[in-house]
Amino acid sequence: MSNPFLKQVFNKDKTFRPKRKFEPGTQRFELHKKAQASLNAGLDLKLAVQLPAGEELNDWVAVHVVDFFNRVNLIYGTISDGCTERSCPIMSGGPKYEYRWQDENKFRRPTALSAPRYMDLLMDWIEVQINNEDVFPTNVGTPFPKNFLQVVKKILSRLFRVFVHVYIHHFDRIAQLGSEAHVNTCYKHFYYFVTEFGLIDTKELEPLVSMELHLCHILNPTQK
C-alpha cells in the first residue's frame with residue numbers, strides 16, 4: 001500500500017530544499033553511512049547518537065546537523081499547505097511561545113513574522129550556514145572554526161522550533177497523513193542527539209516537554 005507521507009515528501013513543492021549530500025569517499029560520507037547503518041539496524045537511539053570511538057566530535061555533529069536539516073525540511077514540507085499567512089500569522093508554539101526572527105541582514109532586531117515566512121527565512125539561513133566552507137568545511141584536514149559549536153547550537157535551536165510549531169499547530173495533519181511514527185522517531189533522534197551533547201538550552205526545550213498528550217511516550221518510553 002502506498003504511503004501518503006512518502007507521496008508528500010517526494011512531491012516537488014517550493015518549500016523543499018535540495019538535500020545536502022556528502023561526497024563519496026570522504027570521512028564525512030563514511031560517518032554519515034555509519035550513523036544511518038545504526039538507525040537502520042534498529043539500534044537504541046540513545047546509543048546511536050553517541051560519539052563513535054576514535055571520531056572527532058565536530059565531524060559527528062556536522063553530519064547530524066545536515067541530516068536533521070534535511071529531515072526537518074521534509075517534515076515541514078508535508079504540512080506546509082496548511083501553514084499559511086492566514087492560519088499561522090505568528091510563528092509560535094501555542095499561546096505561551098512566540099518565535100521572532102533576527103539575522104545579520106534585513107532583520108537586525110527580533111521581528112514578529114508569520115510561520116511560513118519565518119520557515120522560509122530559516123531554511124534559507126541554514127542552507128547558507130551548511131554550504132559555507134568556512135563554517136562546515138568539506139575538505140579533509142581543513143579545521144572547523146572556533147565558533148563552530150556556537151553556530152550549531154543556533155541552527156539546532158531554530159530547527160527545534162519547527163518541531164514545536166508542527167506538533168502544536170499541525171499535528172492533525174501529521175495524523176491525517178499517517179506519519180506520526182515517522183515524525184516521532186525523527187524528533188526522538190533529534191532530542192537524544194542535542195541532549196547527549198548539550199546543544200540546546202534546557203529552557204528552549206520546554207514547549208514540547210509539557211506536551212505530554214503527544215510526546216510523553218517519546219521523552220519517557222516507559223510511561224503509558
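Me: In which helix is the place of His170?
Reply: His170 sits in helix α6. Keep in mind that this is a predicted model.

Me: Is His170 buried or exposed?
Reply: Go by relative accessibility, where under 20% means buried. His170 has 7%, so it counts as buried.

Me: Which residues is His170 in contact with, leaving aside its neighbours within four places in sequence?
Reply: Ile79, Gly82, Cys83, Cys88 and His165. With one of these, His165, the side chain of His170 also makes a polar contact, side chain to side chain, at 3.1 Å. For a sense of how the chain folds back, take Ser80: it is 90 residues from His170 in sequence, yet the C-alpha atoms are 9.2 Å apart.

Me: Which residues does UniProt list for "binding site"?
Reply: The entry, which is unreviewed, lists Cys83, Cys88, His165 and His170. They are spread over 88 residues of sequence but cluster in space, with a largest C-alpha distance of 10.1 Å. Treat the record with care, as annotations may be inferred rather than shown by experiment.

Me: Where does Cys88 lie, and what does Cys88 touch?
Reply: Cys88 is in the loop between α4 and α5. Its relative accessible area is 5%, so Cys88 is buried. Beyond residues up to four places away, Cys88 touches Cys83, Ser114, Ala115, Pro116, His165 and His170.

Me: What about His165: where is it found?
Reply: In helix α6, residues 148-176. His165 is buried, with a relative accessible area of 1%. Its contacts, not counting residues up to four places away in sequence, include Cys83, Cys88 and His170 from the UniProt list. Met91, Ser92, Ala115 and Met119 are also touched by His165.

Me: Which backbone oxygen does the side chain of His165 reach?
Reply: That of Ser92, at 2.9 Å. Ser92 is in the loop between α4 (57-79) and α5 (115-130). At 11% relative accessibility, Ser92 counts as buried. The side chain of Ser92 has a polar contact of its own, 3.2 Å to the side chain of His169.

Me: How many residues of α4 are buried?
Reply: The count is 19 of 23, so α4 is largely enclosed by the rest of the structure. From first C-alpha to last, α4 reaches 33 Å, close to the 33 Å expected at 1.5 Å a residue.

Me: What describes a pair of aromatic rings?
Reply: The distance of the centres and the angle of the planes. The structure holds 14 aromatic pairs. Take Trp101 and Trp125: centres 6.3 Å apart, planes at 80°, so the pair is edge-to-face. This pair links distant parts of the chain, with Trp101 in the loop between α4 and α5 and Trp125 in helix α5, 24 residues apart. Both Trp101 and Trp125 are buried.

Me: How far apart are the ring centres of Tyr167 and Tyr187?
Reply: They are 5.8 Å apart, and with the planes at 80° the pair is edge-to-face. Tyr167 is in helix α6 and Tyr187 in helix α7 (residues 180-196), 20 residues apart. Tyr167 counts as buried at 2% relative accessibility. Tyr187 counts as buried at 1%. Both rings belong to one aromatic cluster, whose members include Phe68, Phe160 and Phe197.

Me: Which ring does the charged end of Arg158 sit over?
Reply: That of Trp101, 4.0 Å from its centre. Arg158 also lies over the face of Trp125, at 4.6 Å from the ring centre.

Definitions and conventions:
Residues are numbered from 1 along each chain as its sequence is written. This is a predicted model: local features need pLDDT of at least 70, side-chain atom pairs count only at pLDDT 80 or more; totals for chains, interfaces and linings use all residues. Side-chain values use heavy atoms; hydrogens and water are left out. Helices (H or I, at least four residues) and strands (E, at least two) are DSSP runs, numbered from the N terminus. Buried means under 20% relative accessible area, exposed over 50%, partly exposed in between (1.4 Å probe, protein chains only). A polar contact is a pair of N or O atoms within 3.5 Å; within protein, one must be able to donate a hydrogen and the other to accept it, and residues adjacent in sequence count only if both atoms are side-chain atoms. Contact means heavy atoms within 4.5 Å. The expected span of a helix is 1.5 Å times one less than its number of residues. Rings of Phe, Tyr and Trp (its six-membered ring) pair if their centres lie within 6.5 Å; planes under 30 degrees apart count as stacked, over 60 as edge-to-face and the rest as tilted. A charge sits over a ring if NZ of Lys or CZ of Arg is within 6 Å of the ring centre and within 35 degrees of the ring normal.
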